[in-house]
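I set out to record what I looked up in this structure, entry by entry.

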Amino acid sequence: MVHRFLRQKFSSGGIVIALSAMALLAASQIAGTGGREGSQFGTLALLILAAGCVSKDASGGALQMILCRPIRRSDYLLGRYLGILTGFGAFLIGASVLGIVFARGILPLIGSTARPVAFGELATELAAAFLGGIASAATILLLSTFLPGYGDVLGFILLTPLATLPDLAGKVLRAPWLERVGQALRENLLPSLDWGAVLRGRDPLGAPTGRWVLAVVLYLILALAVFSRREFAYGQD
Amino acid sequence: MISVEGVTKTYGRFGRSTRALDAVTLEVQRGETLGLIGPNGAGKTTLLSCLLGFLRPDAGRMTVAGREVDDLWVRARTGYMPERLGFDRDLSGANFLAFHWRLSGGDPARTGTEVEAAAQRVGLDRAALWKKLRAYSRGMLQRIGVAQATLGSPEFLFLDEPASGTDPLGVAIVREQILAAKRRGATIVLNSHQLAEIERVCDRIVFIDRGRLTRSETLRGEAASRRRAVVRVPAGKAEDARAALAASGIAAEADADGSLRLADSSDADVARAVKALALADVPVLEVRASADLEELFRQGPPS
């Protein structure tokens, strides 16, 4: 299933071009900052990789042909999730290698003085980006189990502004309880965790890490629950 | 055996619901080939979707060999072909078949052999097998779809319009695959609008109309309820033929094209009819058995 996911994604010219562009941008930033930045392009790459991860299979009829075989729905879903993470990991490694090549081979050639690549920093950045991707991929996977087409990515982008709505409404309506509810929702459902700092040893077992782990587990369980119950029509009577 | 008991399925909600299946009850015996017939929107595909576990009935129960339809044991013994093959079009035919062979739990060491054998069965040569699916014509897609469904000789075969869009040779190949599955004892549920093909391969047919099972007809065996012998003579001789048959005590209805439908269709009756026509000097152009499914289809549900 992981292999099929990667083949599906990387056989599309549009996706390969978009990922290559992201990798070049990330690599140039890695080269420019000596490996201290560049992971923000990873988020965009993840969105490209995860877009329609389940929904496109369901609408095209491929999912039905897989589900009539002796495959558990959970195995299929896990395959898609691991596929996204494998593709994302490969992207991060590829962009980093390209960044090192830029920093060591190309920038000196054009006479630009780049900061030397700090491999420890680069590895931390990479790991932080990958760990951040684990939560994002789980969220998109959940959305893809019930939203059609690329609604999963759209939903993911809209989640953050939507999650601030109760908070905002609480402020406007001067309802502190609504603010608290909004804050709790945001902290627990969309926990923001600075993985770079955590990996550098800042409170690795603190409450934010716990909330992040719980959110990922919750998203995966919800994705499985929704997908297991979902019906898939495949044609017209 | 496939068992469907009082299955109801409704689409939509909030006052705009459509009942796609309404208390459908039927059984398909082991080794039997059942044809589903009905107008568009009758509920045939919904019934197949429920049998394959893609849709959940609102009420009723379905089992395959006494197990739930989505039991992995059942799925390991199931072949399915959708009306339109919506699979990864960037795959070659060979990789498509190999993927499904592995997915069905087939021995990886036998992948190449099985893929080639399956392709040969449906008349796809090596060159076609290595083309990408997106380069396949509709007919080729149907053929590889049948090859995919019959990989590993499944015990239960669910086919949705398997010969749709294929040329006459493709229709014959699809038919041969269904008959081959029948010969090895597979239980087959076939949804098709090609009534002539249904008649050739099915043991029994059920009519579905507006979600209800309106009629069941046995086409083969002792209990055959619809099969009638048709004797075709030159159109200008139809009346003479009918009179000759009547004189021999054989009741028949004559059509304008010279076809005479015998009221009694046992082998002895047919032999008697042919003899009577020969004695009356009426040339017999064709003798065949027909279930008149088209007529039945036109009639619609019984009043």
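**Entry 1. Interface extent**

I note at the outset that the model is predicted. I looked up how chain B and chain A meet, and found 37 residues from chain B and 28 residues from chain A in the contact. The two chains bury about 2,900 Å² between them, and carbon and sulfur atoms carry 52% of that area. I then asked which residues of chain B lose the most area to chain A. They are B:Phe54, B:Arg56 and B:Arg75, which together account for 24% of what that side buries.

**Entry 2. Polar pairs across the interface**

I searched the interface of chain B and chain A for salt bridges, and the rule finds four. I recorded one pair in detail: the side chains of A:Glu231 and B:Lys9 form a salt bridge, with N to O at 2.6 Å. For polar contacts across the interface of chain B and chain A, the rule finds 14 residue pairs, both residues being at pLDDT 80 or more.

I next asked which helices and strands of chain B each supply at least two residues to the side that touches chain A. The elements are α1 (44–51), α2 (72–75), β6 (78–81) and α3 (93–103). The most comes from α1(B), with five residues. By class, I listed 17 nonpolar, twelve polar and eight charged residues on the side of chain B that touches chain A.

**Entry 3. Positive phi values**

I looked for residues other than glycine with positive phi. B:Ala23 has a phi near 50 degrees, and its place is in strand β2 (residues 18–28) of chain B. B:Ala23 counts as partly exposed, at 46% relative accessibility. B:Ser153, not a glycine either, has a positive phi of about 45 degrees. B:Ser153 sits in the loop between α6 (138–149) and β7 (156–160) of chain B, and at 45% relative accessibility it counts as partly exposed.

**Entry 4. B:Arg143**

Is B:Arg143 buried or exposed? It counts as buried, because its relative accessibility is 12%. I located B:Arg143 in helix α6 of chain B. A polar atom of its side chain lies 3.3 Å from the backbone oxygen of B:Gly123. Leaving out residues up to four places away in sequence, B:Arg143 touches B:Val122, B:Gly123, B:Asp167, B:Leu169, B:Gly170 and B:Ile173.

**Entry 5. B:Thr166**

I placed B:Thr166 in the loop between β7 and α7 (168–183) of chain B. B:Thr166 counts as buried, at 15% relative accessibility. Which backbone oxygen does the side chain of B:Thr166 reach? It is that of B:Ala163, at 2.7 Å. With residues up to four places away in sequence left out, B:Thr166 touches B:Gly139, B:Gln142 and B:Val171. I also noted that the C-alpha atoms of B:Thr166 and B:Leu141 are separated by 8.9 Å, with the two residues 25 apart along the chain.

How values were computed. Residues are numbered from 1 along each chain as its sequence is written. Chains are lettered from A and ligands numbered from 1 in the order in which they are written. This is a predicted model: local features need pLDDT of at least 70, side-chain atom pairs count only at pLDDT 80 or more; totals for chains, interfaces and linings use all residues. Side-chain values use heavy atoms; hydrogens and water are left out. Contact means heavy atoms within 4.5 Å. Buried area is the accessible area (1.4 Å probe) that two parts lose on being put together, summed over both. A polar contact is a pair of N or O atoms within 3.5 Å; within protein, one must be able to donate a hydrogen and the other to accept it, and residues adjacent in sequence count only if both atoms are side-chain atoms. Helices (H or I, at least four residues) and strands (E, at least two) are DSSP runs, numbered from the N terminus. Ala, Val, Leu, Ile, Met, Phe, Trp, Tyr, Cys and Pro count as nonpolar, Asp, Glu, Lys and Arg as charged, and the others, Gly among them, as polar. Buried means under 20% relative accessible area, exposed over 50%, partly exposed in between (1.4 Å probe, protein chains only).
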